[in-house]
There are 2 protein chains.
Amino acid sequence: MEGKKSVLELLHSDYSVRTLLATEAFWLENKQTLKGNFDLHLCSPQELEAVSSFKTNNSVLAVTEIKNISIPKHLKGLTLVLDSIKDPGNLGTLIRVADWYGVENIIASKDTVDLYTPKVLQASMGSFLRVKVSYTALEDYLKNISLPVYLAQPNGENVHDFSFEKNCLVLLGSESHGVHVPLISSVKKRIGIPSYGRTESLNVAVSAAVICDNYRRTNSHPMLG
Amino acid sequence: MEGKKSVLELLHSDYSVRTLLATEAFWLENKQTLKGNFDLHLCSPQELEAVSSFKTNNSVLAVTEIKNISIPKHLKGLTLVLDSIKDPGNLGTLIRVADWYGVENIIASKDTVDLYTPKVLQASMGSFLRVKVSYTALEDYLKNISLPVYLAQPNGENVHDFSFEKNCLVLLGSESHGVHVPLISSVKKRIGIPSYGRTESLNVAVSAAVICDNYRRTNSHPMLG
């Protein structure tokens, strides 16, 4: 994990940080509030930039344990299900959208880009610490779930008038390929975002946000806590 | 402009293409439908990749005239106003969002990233051919406009209940810095997207989409044509 803001959030989360590479300035500013059983290596901004995967990172880098996140048995509220989302920026933005709308769980196909890719973490802006992202074989998983699965696709029912069940799953595929055919048999209804222009599709994170927004507008049940 | 789909859209738009670098395969497949007064250079996929700014482009590249887009005097429907949007991916996605929701005009501050940056064009997926993106000194422009200006910001009036005037401007700033202070005096109302989680902000293109979606849901007036 890289960068001041993200590393501070990480250090205050339930992730176990093993190693911290920090400048003296970062350490002096933050050591009072930092707990944890990590190895500290003080280094220069130049040394940090040399090992960083970002263009500008001159304060801190953390090495942390990866969590193996399993899917909760009882999903509450809206859950996003992602099929084959390959772009790390899209996954990161999706996680941030989920966090904004209080979506607790994202369930991704095994060929979706890995959560712990630097670009995913960066685009998620710390939201990966709050939203549980788990990976599974979607076809089997969706076949055996009792909650309704709604597929997001251009010609589905107008999301503005859609009746969401309180606990439900929204399945999103890639913009260019849609979802894999074997998943379709698990779909109960299709949700569409009405278009008023001429582009063929919306970015997947944008679509997810519009669907979450309409879910929240029509379902005022609090999901958190 | 690079890539098969985007170049084909460009060639069917009102942009004047000057030069086309194409593989023989692309040319044979498309020459029947292509009109225009451009120079054609046939080349190998390897040569194309060598001059391309994208990782994979093995069919076509077009050199086109840049348009100087001026702001229409009479803005219709919803217009997006962007202050200091620096990320090319965000601007491209914003243009695509505008196209989806039939927003005809985007007005950007002079320090917003240039429309003709390769990453902007790529992320806009051809939508820049339909949405007019113009650049101006926003402070003076907004002072003299008679339409209402709504500022998108976290604590504004709930967008779900917001009464949009049919013809209006929505002002969006960067996620980290908001809009420049001198613009605030032109703002009539503030629109907020309600949050149900703990992240501090939404991506600017995601915010724009949610606002456009709510505008469209409550204003069924067609904007196009």
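Residues 24 or more positions apart make up 76% of the contacts in chain A with a separation of 6 or more, where two residues are in contact if their C-beta atoms, placed from the backbone, lie within 7 Å. This is a predicted model, so to speak of local features takes a pLDDT of at least 70 and side-chain atom pairs count only at pLDDT 80 or more, while totals for chains, interfaces and linings use all residues. Residues are numbered from 1 along each chain as its sequence is written, and chains are lettered from A and ligands numbered from 1 in the order in which they are written.

Chain A holds 7 helices and 9 strands; these are DSSP runs numbered from the N terminus, with helices being H or I of at least four residues and strands E of at least two.

Now for the pair of chains. The same surface serves both: 100% of the contact residues of chain B recur in chain A.

Where the chains meet, 30 residues of chain B are in contact with 30 residues of chain A. On the chain B side, α4 (88-100) and α7 (204-218) each supply at least two residues, and α7(B) gives the most, with 7.

As for α4(B), 12 of its 13 residues are buried, so the helix is largely enclosed by the rest of the structure. Among the buried ones are B:L91, B:I95 and B:W100. After α4(B) comes B:G102, with a positive phi near 65°.

Over in strand β8 of chain B (residues 168-172) sits B:L171. This leucine counts as buried because it has 25 C-beta neighbours inside 10 Å. Leaving aside residues up to four places away in sequence, B:L171 touches several others, including B:V81, B:D83, B:Y150 and B:V187. By contrast, 39 Å separates the C-alpha atoms of B:L171 and B:K35, which are 136 residues apart along the chain.

Notes
Buried ≥ 20, exposed ≤ 12 C-beta atoms within 10 Å, placed from the backbone.
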